[in-house]
Amino acid sequence: AKRSERRTVEGRRWPDPGYFKGLNYLLNEQPDKAIDVFTRLLEVDHETVETHLALGNLFRRRGEVDRAIRIHQNLVARDNLTIEQRALALLELGQDHLRAGLFDRAEDLFSELAESPLYREQALQNLRAIYEQEKDWERCLEVADRQQRLSGQSLATERAHYYCEMSEAALRKGAEPEARALLDRALTSDPGCVRAGILQARMARRAGDCARVLTILTELEAFSPAFLPEWIPDLERCYRELGQPERLRDYLDAVYAKRGGVAAMLARAEIHLAESGPQAAADFIARHLRQHPSLLGLKRLMELEIADRAEIPAETRSAVSAMLAYLVEHWSGYQCQRCGFHARELHWQCPGCKAWSSVQPVETLAACKTP
């Protein structure tokens with residue numbers, strides 16, 4: 001039996017006793033001692049590399065980035081690693097530096113990995129994240145092009161937003177021709193880019209070209225109706241400046257009949273107010289709110305209902321108006337469709353998950369999802 005056991009375990013290498021000692025330190029909330037033990041083990045047994053990588057990753061997730069850097073730097077410095085192990089250690093170290101805000105060091109590591117056959121796609125993804133935070137949109141475009149060629153995955157949405165960012169920067173400098181050209185490139189990359197369309201409409205609005213504004217925004221509504229609240233005020237102004245209030249009424253009726261929505265409802269209620277008075281507008285809003293509860297709708301309804309009611313004390317009217325205004329101001333009117341992040345204003349890139357074009361207006365209370 002002893003000879004059989006020796007043949008069974010022949011060639012098998014049991015973990016160093018120090019390995020279990022390090023695990024014991026880790027389980028007993030003594031991470032510093034565990035790191036020291038694992039670091040010494042690495043000098044003796046390169047087979048524990050995976051353990052060190054996992055430990056460093058754990059510390060980074062816990063926010064202890066300095067400890068993660070210490071572990072991964074120790075790994076990278078070893079000459080007994082395989083090519084794949086070293087590449088993975090470089091990737092982890094780069095993510096440590098990125099988490100710590102050391103963008104220059106992270107960029108150097110990811111640039112090195114981007115030229116190697118291992119972990120190239122992950123390196124490019126992290127490089128693009130760095131350039132996004134640095135607002136270096138030209139380099140974002142360069143990296144996105146490399147990613148697309150490498151993975152075959154489309155980054156049309158991201159590229160369109162990079163062009164939009166560059167266009168807005170050009171507008172701030174007063175370079176309108178350059179801004180227009182960049183928006184054209186954004187729409188070439190992603191014909192459905194809502195942001196590029198809105199920017200084009202705003203440029204046309206500043207130029208006084210209301211007809212073009214209406215053309216652009218009507219086309220946007222056809223394929224991106226969720227963003228209608230963003231441009232309804234521009235539509236209203238343009239129709240009125242053109243002296244076409246009946247076209248505005250017809251447009252709002254068609255949009256409201258097709259998709260409803262608080263923005264279209266409130267705009268249509270204002271036409272009821274002008275044409276038929278406060279009671280007609282209030283009745284219209286009330287019918288909508290029975291099916292689609294909304295703070296914005298409730299606020300406008302209460303304004304109409306209590307505005308001229310002499311039997312309601314002025315102090316009460318003021319308190320109700322102030323409370324509704326407070327609720328609307330602090331209501332998260334936008335939400336990321338990917339991670340559930342709530343915001344009070346539109347972000348083209350989600351502050352939570354960093355996805356582009358994922359944040360959309362939330363018009364009703366029922367549509368607001370819990371992350």
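Begin with the largest pocket, whose volume is about 450 Å³. A pocket here is an open set of points on a 1 Å grid over the protein atoms alone, with protein on both sides within 12 Å along at least five of seven lines, and lining residues have an atom within 4 Å of a point. Grid points are joined across faces, edges and corners, and a volume is the space filled by probe spheres set on the points. Select Gln 125, Arg 128, Glu 132, Cys 353 and Lys 354, which lie nearest the centre among the 21 lining residues. Next, colour helix H8 (120-133) and helix H9 (137-151), the elements that give two or more residues to this lining. Helices (H or I, at least four residues) and strands (E, at least two) are DSSP runs, numbered from the N terminus. H8 gives the most, with seven residues.

A word on the model: it is predicted, local features need pLDDT of at least 70, side-chain atom pairs count only at pLDDT 80 or more, and totals for chains, interfaces and linings use all residues. Residues are numbered from 1 along each chain as its sequence is written, and side-chain values use heavy atoms, with hydrogens and water left out.

Now move to the second largest pocket, with about 360 Å³ of space. Of its 20 lining residues, select the closest to the centre: Pro 229, Val 262, Ala 263, Leu 266 and Leu 296. Helix H14 (228-241), helix H16 (262-276) and helix H19 (314-329) each give two or more residues to the lining.

Which residues line the largest cavity? Select Ile 198, Ala 201, Arg 202, Leu 217, Glu 230, Trp 231 and Asp 234 to see them. A cavity is a set of grid points where a 1.4 Å probe fits but cannot get out. The volume of the largest cavity is about 30 Å³, and helix H12 (194-206) and H14 each supply at least two of its lining residues.

Next come the aromatic rings. Rings of Phe, Tyr and Trp (its six-membered ring) pair if their centres lie within 6.5 Å; planes under 30 degrees apart count as stacked, over 60 as edge-to-face and the rest as tilted. By this rule there are six aromatic pairs. Select Trp 137 and Trp 356: their ring centres are 6.2 Å apart and their planes stand at 75°, so this pair is edge-to-face. Trp 137 is in helix H9 and Trp 356 in the loop between S2 and S3, so the pair ties together parts 219 residues apart in sequence.

Is Ser 167 buried or exposed? Find it in helix H10 (residues 156-172). Its relative accessibility is 1%, so Ser 167 counts as buried; buried means under 20% relative accessible area, exposed over 50%, partly exposed in between (1.4 Å probe, protein chains only). Beyond its neighbours within four places in sequence, Ser 167 is in contact (heavy atoms within 4.5 Å) with Ala 179, Leu 182 and Leu 183.

Finish at the open sheet, whose three strands are ordered S2-S1-S3 with antiparallel pairing. Strand S2 (342-343) and strand S3 (359-361) are at the edges with a single partner strand each, so one side of each has no neighbour in the sheet. Two strands pair if DSSP finds at least two bridges between them. Strand S1 (residues 334-336) is joined to S3 by three bridges; select Tyr 334 and its bridge partner in S3, Pro 361.
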